[in-house]
There are 2 protein chains.
Amino acid sequence: MLFALDAMGGDNAPAEPCKGAILACRGDGELSVALVGPKDAIIPYLESAPGEARSRISVVEADEVIGMGDNPSASIRSKKNSSLRVAMEMVRAHEAVGCISAGNTGAIVAGGVLVVGRIKGIDRPGLAVPIPSLKKTTLLLDVGATVRCKALNLYQFARMGSIYMRSFAGIENPSVGLFSNGSEEIKGDDAISEAREMLASESAVNFEGFVEGKDIPIGRTDIVVCDGFTGNALLKFGEGIGELVKVAIREEIEGKILPMIGAFFMKPALKKMASRFEYEENGGSPLLGVDGIVVKAHGNSRDRAIAGALHVASAFARIKGTDAIKESLESRA
Amino acid sequence: MLFALDAMGGDNAPAEPCKGAILACRGDGELSVALVGPKDAIIPYLESAPGEARSRISVVEADEVIGMGDNPSASIRSKKNSSLRVAMEMVRAHEAVGCISAGNTGAIVAGGVLVVGRIKGIDRPGLAVPIPSLKKTTLLLDVGATVRCKALNLYQFARMGSIYMRSFAGIENPSVGLFSNGSEEIKGDDAISEAREMLASESAVNFEGFVEGKDIPIGRTDIVVCDGFTGNALLKFGEGIGELVKVAIREEIEGKILPMIGAFFMKPALKKMASRFEYEENGGSPLLGVDGIVVKAHGNSRDRAIAGALHVASAFARIKGTDAIKESLESRA
């Protein structure tokens, strides 16, 4: 299975995407990766690759780059030879099973819609992020593909998220919570209320009503559905708190002898705990609702995170996730 | 200065509001508190009060209660003899300088608008919560008074928040960030874009543009302005993460000898860190934009948090915060 990897996407491109491709190919003998970007910039990073893995890594030339600050839809339209657009064209042409990028989120979403194309019947795509919670992983979507949502969008996110968690995480009947500003029925706005009614009467979704902010870290439901503005807010706030926790622990112990001794013994435990907040760094976020596999990696991804995103993409391909979403929608169209 | 305290508001009423009133009066010799609620339920809790503090605590009869699940505006209208409504009527009649409640947030906001009344020129009130961030305290508003906001609402929150942080926290020229789903100008929706333009051309506000989720724990600006839906989401998510951190630390160390030794030495440091997430528990949230002092305490407040909310109210009264907001608006009307 060949995946197209945007070698120029993210804060650490092209070094880390290239290293990530090597890491992923070493760990998965069935994986092939096409690194998309300027050949001259990519080739030097492939020298260290072991021969067997190297043989499954190819380079596809693309000499333009979409930057983090570029206007998403304008750049995906105009930069026809950008690494991201070329990677997406490969998916559209079925030359690659899917594509992965740690680049400009908006451009990834715009490219998903404009280049890869939406699944018939899906109004807007949703970017899903697995968030570690107390007892399990909670899938939060949308985290930024669709800033403001109509009821139909939220409803479709719930449908797609359910299929993803069923096929991908093996949860038979994943529970879905609709994010609101409180658990009572009177909460939310018009779109949220309408989505609530749609979901309550949809037998294909194990709907548990409204969830609120504090329910996410607890892991009250397997899936939490919200608009992209809210999901993005929560995701970045969580990341910021993770940073704060680290700095705060350091501040509280620095120069104090007993807490420093304590920290020495607790280090592995604290490290493991802090990693619970490194949401996206642990893997990739699938863009659900597009007609092909598109996985976004965190902008500051290192090789391990890129390899993780490649793993998400290949696992999603193996279970034929896109087809599962299509079939589920057709059966109730 | 007499403040009306809703003795029946919150999860631990009337015990904790009563104890909180005693605690606050013991700590502040200029404070008087009228506990509003059923006399028979309140009096027993006042027996332990030292004579001097007891002499500054009175009881005002009110035999109805607005529950946490009651419809906010319907209950504030119909339950004319509820402890919350009676406390607010005392503010309207200038019998009390301000009122405090740990009860139903929606009813506090509805009562603020319907009973206490809005400041002339203010479209909607904003509930502000001081959030501990890396270097300082960040004032987040709105956290639930106005679920969806027009640009004018966000603009007015920025104005009121600035006055609050200037008068109350003594920050000469507090910086204001407008919450969005990214720091670039193209982010946000129509209301947020419009508010951005209004704030950029407002000399009375030290506006620093958009802030996103991760900027809040870092403390990038003194004030963060958002709609009530988003603020509520962030606040509750932060609380949930605080819980998760506590449980996760416990899980990581339990039964493991070295981490347990470590935790013993680190306990004070960890406790101090965890307290950084107990946002509302540390004090009260002023409802800005109403023509009198209204402070909301967290629903699960214990005596210390109630006393903290009384302290916020009395400090706001001393600096004549409501008048400062009025004057500032008039001078640029």
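This tour moves from one chain to the contact between the two chains and then to the axis that relates them.

The model is predicted, so that local features need pLDDT of at least 70 and side-chain atom pairs count only at pLDDT 80 or more, while totals for chains, interfaces and linings use all residues. Residues are numbered from 1 along each chain as its sequence is written, and chains are lettered from A in the order in which they are written.

Select chain A, where you will find 13 helices and eleven strands, these being DSSP runs numbered from the N terminus (helices H or I, at least four residues; strands E, at least two). Its C-alpha trace spans about 65 × 60 × 35 Å along the principal axes, and 58% of the 333 residues of chain A count as buried, meaning that 20 or more other C-beta atoms, placed from the backbone, lie within 10 Å of the residue's own.

Next, show both chains and select the contact, to which chain B and chain A give 50 residues each; residues are in contact if their C-beta atoms, placed from the backbone, lie within 7 Å. On the side of chain B that touches chain A, helix 9 (215–218), helix 10 (228–253) and helix 11 (257–275) of chain B each supply at least two residues, and helix 10 gives the largest share, 21 residues. The copies meet through the same surface, because 100% of the interface residues of chain B are also interface residues in chain A.

Finally, select B:Gly262, whose C-alpha, at 1.7 Å, comes closest to the rotation axis among the residues of chain B. A rotation of 180° with 0.0 Å of shift along its axis superposes chain B on chain A (RMSD 0.0 Å), which is the relation of a two-fold axis; the superposition is by least squares on the C-alpha atoms of residues with pLDDT of at least 70 in both copies.

Note on methods:
Contact = placed C-beta atoms within 7 Å. Buried ≥ 20, exposed ≤ 12 C-beta atoms within 10 Å, placed from the backbone.
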